[in-house]
Amino acid sequence: MPSSPKFFHARPSPSPSPRKSTILIFSCLLIGFAGFLFGTFAIISASRGAYRCTNAQPRSVKVVWETDGNNVHSDSTVSSEAQGKKRHKVMGFVGIQTGFGSAGRRRSLRMTWMPSDRQGLQRLEEATGLAIRFVIGRARDQSKMSALRKEVAEYDDFVLLDIEEEYSKLPYKTLAFFKAAYALFDSDFYVKADDDIYLRPDRLSLLLAKERPHSQTYLGCLKKGPVFTDPKLKWYEPLSYMIGSEYFLHAYGPIYALSVDVVANLVALRNDSFRMFSNEDVTIGAWMLAMNVHHEDNRELCSPDCTPSSIAVWDLPKCSGLCNPEKKLLELHQREICSKSPTMESDE
């Protein structure tokens, strides 16, 4: 007879002692806690690494930044650090366009109508509702960038754009300025101004505060004029064949303002949706023709001399600003009709 199949039964393990059970449980808990710490550390390290990657290079591609630490992209989206922050609310933001060769102009401005420190700028903002900053791009020359960094650290009154600072790229800089200004400031008007005009912020404030029936307003000292077709001239327009012999109505470049609805529309469009002409004021004027905006002409924005009602003074038509601005700004400020104002810091 075949033998019966054998069944093997596992022998029961002896029950562990209470001491061994305690050690086993403690070991498991220790291993689990170590794993938790390791995972937590990895998450924290990763998040810190991401923060450094986001903020260590404030002038990386398509980045715009202001000197108080607000970082925004030139396509109007904010960085991870600034996403939770509200835009600073003002009635008007004035961006004074400047360049690397204009340190003397900035010095004269800070000695005249523009306060020379952040506290003074704050007092002027509280009195007029206007936030005022210099606006500049970048340079390939590291010595220029080093000098700019020192000036930024000393005065803290800049908005810095990640675009190369060149006269031929002014239309691109202007668009980058409006996008950056919109991302940083919640403003009723955005004002583009040059660094070679004498400005009365108190009167500009009153002008911007006026009630208007049009939500989309293009405000400036408006003009028409012949199109420059000679390549030897400073304002030569290579696309003159698209315009004709005379320019359409547009504002002089030294100062003009766009209402918030106009700027919001500019921000919403892609950069390559715009046609760029050679001259910045013409380029803006062309965009305004394409939009349903109200053209508001105000001759006090291009006054050739200080008057009881002048808002911006510059040497029209001799110069596209003040002739010899470093000297002329100081001279104008010595005249009571130019500088006397309850909102000007010099009168305190």
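Is valine 313 buried or exposed, and what is its relative accessible area? Valine 313 is buried, with a relative accessible area of 2%. Buried here means under 20% relative accessible area, exposed means over 50%, and partly exposed is in between, using a 1.4 Å probe and protein chains only.

Before I go on, a word on the source. This is a predicted model, where local features need pLDDT of at least 70 and side-chain atom pairs count only at pLDDT 80 or more, while totals for chains, interfaces and linings use all residues. Residues are numbered from 1 along each chain as its sequence is written, and side-chain values use heavy atoms, with hydrogens and water left out.

The protein chain has 11 helices and 11 strands. These are DSSP runs numbered from the N terminus: helices are H or I with at least four residues, strands are E with at least two. Of the 348 residues in the chain, 46% are buried. Take the contacts (heavy atoms within 4.5 Å) between residues at least 6 apart in sequence: 74% of them join residues at least 24 apart.

Valine 313 is an example. Leaving out residues up to four places away in sequence, valine 313 touches several others, including Tyr198, Cys306 and Leu332.

Leu332 belongs to helix 10, residues 325-333, where Pro325, Leu329, Leu332 and His333 are buried. They cover an arc of only 95° around the axis, so they sit on the same side of helix 10. The arc is that of the directions from the helix axis to the C-beta atoms. These buried residues pack against helix 2, strand 7, strand 11 and helix 11.

Next, helix 4, residues 142-155. Its 14 residues should span 20 Å at 1.5 Å a residue, and its end C-alpha atoms are 20 Å apart, which agrees. The expected span is 1.5 Å times one less than the number of residues. Which residues of helix 4 are buried? They are Met145, Leu148, Glu151 and Val152. An α-helix has 3.6 residues a turn, so residues three or four places apart point the same way. The face turned away from the buried side of helix 4 carries exposed residues, among them Gln142, Lys150 and Glu154. Helix 2, strand 4 and strand 5 are included in what covers the buried residues of helix 4.

Arginine 106, in helix 2, is buried, with a relative accessible area of 2%. Glu151 is one of the residues that arginine 106 touches, not counting those up to four places away in sequence.

Last, the largest pocket. A pocket is an open set of points on a 1 Å grid over the protein atoms alone, with protein on both sides within 12 Å along at least five of seven lines; lining residues have an atom within 4 Å of a point. It is lined by 42 residues, of which Tyr167, Asp194, Lys234, Trp235 and Ser320 lie nearest its centre. The elements giving two or more residues to this lining are helix 5, strand 6, strand 9 and helix 9. In helix 9, nine of the 11 residues are buried, including Glu280, Gly285 and Trp287.

Terms used: 1 Å grid on protein atoms, 1.4 Å probe; cavity = no way out; pocket = protein on both sides within 12 Å on 5 of 7 lines; lining within 4 Å.
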